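Trainee: I would like a close look at one part of this model. Please take me through the surroundings of the first ligand, and then whatever is built around that place.

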Amino acid sequence: MSVLVTGGAGFIGSHLVEVLLSQGREVVVLDDLSTGKLSNLPDSSSLEFVKGSVTDEELVRRLFEEFNFSSVFHLAAVASVQRSVEEPLYCHRVNCDGTLYLLQSAVSRGVKRFIFASSAAVYGDLPQLPKREEMPVSPLTPYAVDKYASERYVVNSFRLYGLEGVALRFFNVFGERQDPSSPYSGVISIFIDRVKRYLTGEPVTVDIFGDGRQTRDFIYVKDVVSALLIAEERGVPGEVYNVGTGKETSLLELLDYIRDIVGTLPEIRFLPERPGDIKRSVADISKLEKLGFSPRFSVKEGLSNLIREV
Ligand code: NAD
Ligand code: UD1
């Protein structure tokens with residue numbers, strides 16, 4: 001039996017695929033390569049790559065008929081909050097309709113487990129911190145609304161159809177292969193790219209939207225892969241879990257860490273805050289810890305690894 005990883009050619013997906021293959025599993029990746037890259041994926045006879053969209057209902061149906069998936073990891077999405085504000089309809093089709101097409105096929109083919117990459121964005125900007133899974137949500141952007149809707153479809157599928165759906169609310173993930181070339185990419189990959197270019201003499205700036213005091217719970221991608229595998233193995237069906245470190249870091253602190261590691265920084269430019277941007281975010285991870293999860297990398301350790309790598 002094989003495992004389907006949607007979005008497997010992307011940043012987080014490719015790290016998951018790598019570990020699944022190292023465990024001797026047969027993996028199928030469905031990815032339209034809109035932000036992912038084939039070069040992110042290893043060469044392996046146990047890996048089948050299918051180029052296509054999760055919004056192609058017919059393709060999704062055929063894929064589930066052709067392969068006998070035991071588990072589905074659904075990571076394909078437009079991952080940028082900002083892009084969802086600019087293109088809500090397109091993002092809705094991918095981030096919400098796509099989930100439903102996959103769920104429909106998973107249910108009809110009797111797939112056992114369905115693990116969904118949800119987001120801390122569902123919590124919005126409500127003041128209570130750290131975020132616990134049972135707290136009220138307040139999705140502020142089209143991205144957050146679609147993640148929340150998808151998450152509900154996934155976890156409710158357990159009661160409605162017996163599909164063992166588990167949703168993981170990733171906080172801010174960083175690490176190797178997070179593509180910095182797009183303005184929509186994650187902030188750490190953009191900052192490190194700017195520092196790298198600065199070191200080669202390019203006249204670049206580091207841009208901060210807002211005052212830089214906004215915080216995130218930055219989690220290294222290898223720890224996120226561990227969480228995905230724990231969720232597959234022993235996540236309680238119908239449940240939602242935060243995936244973070246429990247530590248809050250502001251953008252200004254992040255830049256201090258980078259300066260400590262690299263020894264220098266480009267000029268910082270402060271630009272207007274992004275609409276829908278969240279001020280503070282940090283996870284309570286005790287629910288996932290009860291399943292045996294424990295993040296192995298601090299932000300500083302993850303950053304050092306990443307900077308060494310690039
Ligand atoms: P990414 O952009 O690197 O990966 C997304 C992948 O999905 C890409 O390979 C892309 O080509 C693919 N994709 C996009 N639209 C598709 C479509 N219509 N059909 C098939 N494939 C499609 O981003 P990532 O950071 O690796 O994000 C992976 C998942 O984790 C996403 O669901 C994202 O919303 C979620 N997430 C990410 C973070 C983070 O901090 N990076 C935090 C919370 C949740
Ligand atoms: C990120 C993820 C999203 C995920 C969410 C969970 C990406 C692209 N987005 O969104 O998929 O669901 O975490 O919390 O991975 N910023 C700057 N300068 C820059 C870029 C960003 O100041 O050059 C700021 C942003 O305005 C924001 C913060 O940095 O305040 C983080 O931005 P970003 O990395 O895009 O992440 P989120 O919007 O939190």
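Trainee: How many residues of the shell around ligand 1 are nonpolar, how many are polar and how many are charged?

Mentor: The shell holds 15 nonpolar, 13 polar and two charged residues. The classes are simple: Ala, Val, Leu, Ile, Met, Phe, Trp, Tyr, Cys and Pro are nonpolar, Asp, Glu, Lys and Arg are charged, and the others, Gly among them, are polar. A word on the source: this is a predicted model, in which local features need pLDDT of at least 70 and side-chain atom pairs count only at pLDDT 80 or more, while totals for chains, interfaces and linings use all residues. Residues are numbered from 1 along each chain as its sequence is written, chains are lettered from A, and ligands are numbered from 1 in the order in which they are written.

Now the shell itself. Around ligand 1 there are 30 residues, and G7, G10, G36, A77 and F170 come nearest. A residue belongs here if its C-beta atom, placed from the backbone, lies within 6 Å of the molecule. Helix 1, strand 2 (26–31), helix 4, strand 5 and strand 7 (172–174) each give at least two residues. Helix 1 gives the most, three residues. Helices (H or I, at least four residues) and strands (E, at least two) are DSSP runs, numbered from the N terminus.

Seven strands form an open sheet in the order 3-2-1-4-5-6-11, with parallel pairing. Its edges are strand 3 (47–51) and strand 11 (240–243), each of which pairs on one side only. From one strand to the next, the twist averages 20 degrees. Pairing needs at least two DSSP bridges between two strands. Take strand 1 (residues 2–6) and strand 4 (residues 69–74): they run parallel and are joined by five bridges. Here V3 faces S71 in strand 4.

Helices lie across this sheet. Helix 7 (residues 221–234) lies across strand 4, strand 5, strand 6 (164–170) and strand 11, at about 160 degrees to strand 6. Axes are lines fitted to C-alpha atoms, for helices over the stretch in contact, and angles run from 0 to 180 degrees between N-to-C directions.

Helix 4 also has a helix partner. Its axis and that of helix 5 (residues 142–161) come within 9 Å and cross at roughly 10 degrees. Helix 4 is therefore roughly parallel to helix 5. That term covers angles under 35 degrees; over 145 is roughly antiparallel, 65 to 115 roughly perpendicular and the rest oblique. Contact means that the C-beta atoms, placed from the backbone, lie within 7 Å. By class, this contact has 12 nonpolar, five polar and two charged residues.

Two loops deserve a look. L33 has a positive phi of about 60 degrees although it is not a glycine; it sits in the loop between strand 2 and strand 3. L129 and P130 are joined by a cis peptide bond, with omega about -10 degrees. P130 is in the loop between strand 5 and helix 5.

Finally, the second ligand and the domains. An automatic or database assignment sets the domain bounds: domain 1 is 2–173 + 217–243, and domain 2 is 176–216 + 246–288 + 296–309. Their contact takes 30 residues from domain 1 and 29 residues from domain 2. Helix 3 (81–86) is one of the elements on the domain 1 side and gives the largest share of that side, four residues. Ligand 2 lies between the domains because both give residues to its shell. Its shell has 23 residues, the closest being S119, A120, G186, V187 and F209. Helix 6 (187–199) and strand 8 (205–209) are the elements that give two or more residues to this shell. Strand 8 gives the largest share, three residues. By class, the shell around ligand 2 has 12 nonpolar, seven polar and four charged residues.

Methods
Two residues are in contact if their C-beta atoms, placed from the backbone, lie within 7 Å.
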